[in-house]
Amino acid sequence: MSRILIVNPPTPPGPWYFQKDRAAGLGTAAPLRPKASRPAPLAPHDLAQIAGYALDAGWQVEVFDPVALHLDAAGSLAALPATAPDVVAVRLALFSLEQDLVFADAVKARFPASQVILWGNVIHFTVKDWAGRSRADSVCFGEPEAVLLPFLRGTDTKGLIPLTEIGPTWRTGWQNVKELVDVPLPAWHLLPLARYAPDGDLSQLVLHLQTSLGCSVACSMCPYFVLQGRYRQHTLARVLAEMRYLRSLGVMHVQFRDANITERPELPRALAEALIAEPLGLTFTMETALENVPPDDLRLYHRAGLRGLITGIESADPATLALINQNPEWSAPISANLALCAALGIDVTTMYIVGFPHDSWASIGETIALAKTHRSRFYSVSVMTPYHGTPYRSQALANGFVTTDAPYRAYTGFSAMGGTHSLTADEVDAAYRAARATLELHSRWHFPPAGLVPQVSHWLRFAWLAATTAPARLSARWRARLAPVNALVSHAG
Ligand code: SF4
């Protein structure tokens, strides 16, 4: 039996929370506040998937996740298995790409006879920049379902490209799987699950589950469309089997990791009806473009176990929405659905971006003012990022907002890589910090916990947060010469 080692390289040291599953697998690195406790590491869904594919194809599988074990690069190399596997599959991400490549080289030096395969969506648009200096053997040039799954089954090696073939003029198509058929389940049981759970408590562990790949909305800044392509769904039977499997592991809550789970509503509707008819004891969170969800569907999903919902609002500016390929008229159905979520008791996370090409202090202030009216329990603010391959990257390069020589680790998703038509990069950063602090305080103000002791601790933390983030908010106010940015700095109104 052939043996494969699937490796998640260690996290670069620093004050961030690095989530490789985000941004279509490119990863994001959210800044951690000084003295903030670090959340449990994100359970790596894509590692579990590849492990499942290999297991199903009859391989002997080992998964090595130094992130879960809190190992640095030296510790990770020391903890590698003693004997060489036939294949080592090393996962690459964008923010950590330089460190990942160095780590993969070290793995190859340790196991020179093993075939070292690099995989991850970051390969698509960057491989020509670094293929000549990597010592790995090959790259997975496409979705794992299109390349690694047939390779592991021994049926096809198309899309598995030797690095020696890739030069500056090399060109070939990224392999996307046409339909999701006969795709094995992830093998979560091969990962140290308690390491990803808060306090090691499996009942609090949230695992990702994908019912689909891709999104056809094609927003100009979004890496999902360019990396995953058009929308494809798994079968209902497979999704239910995966949910039963997760429940058997002791998991109580899953997060659907689809970019837009309701793009075709037939599957989520059928799934909800099946979960109502035969409850599994699982609750779930879904991420979706809320403007397309009929209210009756939201009620159905809630009856089936929907307790958390994540949706992108992006900006209050109609011109910006039109520019990124969204429709300003979506605002009314989104607001109506957010009100319904509040009435049903669904915890909503609304997402916003600052740093759009036409963003100014005034437009960002309006976005934050709009966000406050949504009263969602959680807010996520990120910074417009010129991800490789996106239409926005071409616009940002043409406008001189960014240059092509930015280091990979600048792509955190939460730091300004350039300015806008009216703001410098420093001002975008200041606006981001002010917006994030303002909305965090706003949500804490409106959603205090129940019970005297938790409330005392909550308000002490609120006061500390208000004091420590005041400089960012005051700085934003000063820069904006007061008027347009007032909405940014009135923290709890
Ligand atoms: S709707 Fe969401 S996932 Fe789809 S392209 Fe737009 S930002 Fe990306």
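**Helix packing and sheets**

Modeller: Helix 13 and helix 15 (residues 425-446) pack with their axes 11 Å apart and at an angle of about 15°, which means that helix 13 is roughly parallel to helix 15. Axes here are lines fitted to C-alpha atoms, for helices over the stretch in contact, and angles run from 0 to 180 degrees between N-to-C directions; those under 35 degrees count as roughly parallel, over 145 as roughly antiparallel, 65 to 115 as roughly perpendicular and the rest as oblique. Helices (H or I, at least four residues) and strands (E, at least two) are DSSP runs, numbered from the N terminus. This is a predicted model, in which local features need pLDDT of at least 70 and side-chain atom pairs count only at pLDDT 80 or more, while totals for chains, interfaces and linings use all residues. Residues are numbered from 1 along each chain as its sequence is written.

Biologist: Which hand does the crossing of helix 13 and helix 15 have, and which residues of the two helices meet?

Modeller: A crossing is left-handed if the near helix is turned anticlockwise from the far one by less than a right angle, and right-handed if clockwise; the crossing of helix 13 and helix 15 is right-handed. Two residues are in contact if their C-beta atoms, placed from the backbone, lie within 7 Å, and on that criterion W361, I364, I368, A371 and K372 in helix 13 meet A431, A435, T438, L439 and H442 in helix 15. The residues of this contact divide into 7 nonpolar, 2 polar and 1 charged, where Ala, Val, Leu, Ile, Met, Phe, Trp, Tyr, Cys and Pro count as nonpolar, Asp, Glu, Lys and Arg as charged, and the others, Gly among them, as polar.

Biologist: At what angle do the axes of helix 10 and helix 12 cross?

Modeller: The axes of helix 10 (residues 295-304) and helix 12 (residues 331-344) cross at roughly 30° and come within 10 Å, so helix 10 is roughly parallel to helix 12. Their crossing is right-handed. P295, L298 and H302 in helix 10 meet N337, L340, C341 and L344 in helix 12, a contact with 5 nonpolar, 2 polar and no charged residues.

Biologist: Turning to the sheets, what is the order of the strands in the open sheet with parallel pairing?

Modeller: Strands of a sheet pair through backbone hydrogen bonds, either parallel or antiparallel. Two strands are taken to pair if DSSP finds at least two bridges between them. The open sheet with parallel pairing has 6 strands in the order 9-12-13-14-15-16; strand 9 (206-209) and strand 16 are its edge strands, each pairing on one side only, and the twist averages 20° from one strand to the next. Strand 9 pairs with strand 12 (residues 253-256) in the parallel sense over 4 bridges, with H253 in strand 12 as the bridge partner of V206.

Biologist: How many bridges join strand 15 to strand 16, and which hand has the crossover between them?

Modeller: Strand 15 (residues 347-354) and strand 16 (residues 378-383) run parallel and are joined by 6 bridges; the bridge partner of I353 in strand 16 is S382. A crossover is right-handed if, with the strands pointing away from the viewer, the path from the first strand over the helix to the second runs clockwise. The chain passes from strand 15 through helix 13 (residues 361-374) to strand 16 in a β-α-β crossover that is right-handed.
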